[in-house]
Amino acid sequence: MIITKSEFSVSSPNIQLCPKDTKPEYAFIGRSNVGKSSLINMLCNHKNLAKTSATPGKTLLINHFIINNEWYLVDLPGYGFAKRSKTVQQKLEQMITSYILQREQLVNVFVLIDIRHEPQAIDIDFINWLGQSSIPFSIVFTKADKLSSSKVAPTAAAYMDKLKETWDELPPYFISSSETKRGRDEILDYIENINKT
Ligand code: GTP
Ligand code: MG
């Protein structure tokens, strides 16, 4: 798919304030600092569309970006950032879970996993929760440029094997790098195919 136009639409503290139209949307979720905002910028070929930071905890609201005037990419705050106060953490988690469970136009959730990390309970629990809640999702392994190229595919495959212990049907997965733009065509084609159906 070719992105001809990508624009910031709105930042919302809750689902009631999200865009009222019913255009399909695709959300990005994962631990703080995993590269959600960077991936959105990479997909849109737009350096500063979503705000990124080397310090975890940058994204704090539900951010909608309108693509080709037809559909949305949604940048969510990260989960599992230990340095936040418990109250803030609980508020963010509640924002994320109600958005995911209640947003009817949410077509797919991309769960981002840093390819350098061994499977972590917090991600596996989140993936299991999505599956149990019947939310369509796929997995994106991020920061592939940080791993030697021969290790990338086997590492991703080993992670998917771990998920197989719990799930009979594995979700689709992608390998990405916001630095090299790896995965861009695959992810955009995937979205295009869903938009067509
Ligand atoms: P929060 O909003 O805090 O939850 O973080 P986020 O998941 O949106 O991460 P963000 O996109 O802000 O990126 C965090 C850091 O990782 C930044 O310093 C990025 O430059 C870096 N980063 C993100 N993606 C990649 C990647 O593919 N490769 C490399 N080398 N660095 C990346
Ligand atoms: Mg972010």
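**From labels to numbers**

Author: Let's start with K143, which lies in the loop between strand 6 (137–142) and helix 4 (149–164). Helices (H or I, at least four residues) and strands (E, at least two) are DSSP runs, numbered from the N terminus. This is a predicted model, in which local features need pLDDT of at least 70 and side-chain atom pairs count only at pLDDT 80 or more, while totals for chains, interfaces and linings use all residues. Residues are numbered from 1 along each chain as its sequence is written, and chains are lettered from A and ligands numbered from 1 in the order in which they are written.

Reader: Why is K143 called buried?

Author: A residue is buried if 20 or more other C-beta atoms lie within 10 Å of its own, exposed if 12 or fewer, and partly exposed in between, with C-beta atoms placed from the backbone. K143 has 22 other C-beta atoms within 10 Å, so it counts as buried.

Reader: What makes the backbone of K143 worth a remark?

Author: Its phi is near 60°, a positive value in a residue other than glycine. Most residues other than glycine have a negative phi. N33 also has a positive phi, of about 80°, although it is not a glycine. N33 sits in the loop between strand 2 (25–30) and helix 1, and it is buried, with 21 other C-beta atoms within 10 Å.

Reader: How do you know whether R84 is buried, partly exposed or exposed?

Author: Count again: R84 has 18 other C-beta atoms within 10 Å, which means partly exposed. R84 lies in the loop between strand 4 and helix 2 (86–102). R84 and G57 are 27 residues apart in sequence but 8.1 Å apart in space, C-alpha to C-alpha.

Reader: What does R84 touch?

Author: Leaving out residues up to four places away in sequence, R84 touches G57 and Q89. Two residues are in contact if their C-beta atoms, placed from the backbone, lie within 7 Å. In the whole protein, residues 24 or more positions apart account for 71% of the contacts with a separation of 6 or more.

Reader: Why is I122 called exposed?

Author: I122 has 12 other C-beta atoms within 10 Å, so it falls in the exposed class. It belongs to helix 3 (residues 121–132) and touches R31, Y79 and G80, not counting residues up to four places away in sequence.

Reader: What makes helix 1 "mostly covered"?

Author: Eight of its nine residues are buried. Among them are L39, I40 and M42. The buried residues of helix 1 pack against several elements, including strand 2, strand 5 (106–114) and helix 5 (184–196). Just after helix 1, N45 takes a positive phi of about 55°.

Reader: How do you know that strand 3 pairs with other strands?

Author: Two strands pair if DSSP finds at least two bridges between them. Six bridges join strand 3 to strand 1 (residues 6–12), and five join strand 3 to strand 4 (residues 71–75). Both pairs run antiparallel. S11 has N63 as its bridge partner, and F65 stands opposite L73. Strand 3 (residues 62–67) is mostly covered too, with five of its six residues buried.

Reader: Which residues are closest to ligand 1?

Author: They are G35, S38, T52, T59 and G78, out of 23 residues that surround it. A residue is near a molecule if its C-beta atom, placed from the backbone, lies within 6 Å of it. Helix 1 (residues 36–44) gives the most to this shell, with three residues.

Reader: Why does the size of the protein agree with a compact globule?

Author: The radius of gyration is taken over C-alpha atoms, and the globule rule is 2.2 Å times the number of residues to the power 0.38. For 197 residues that rule gives a value near 16 Å, and the protein has 16 Å, so the two agree.

Reader: How do you know how confident the predictor is?

Author: By pLDDT, the predictor's confidence in each residue, from 0 to 100. The mean pLDDT of the protein is 94, and 99% of its residues reach 70 or more. The model also scores ipTM 0.99 and pTM 0.96.
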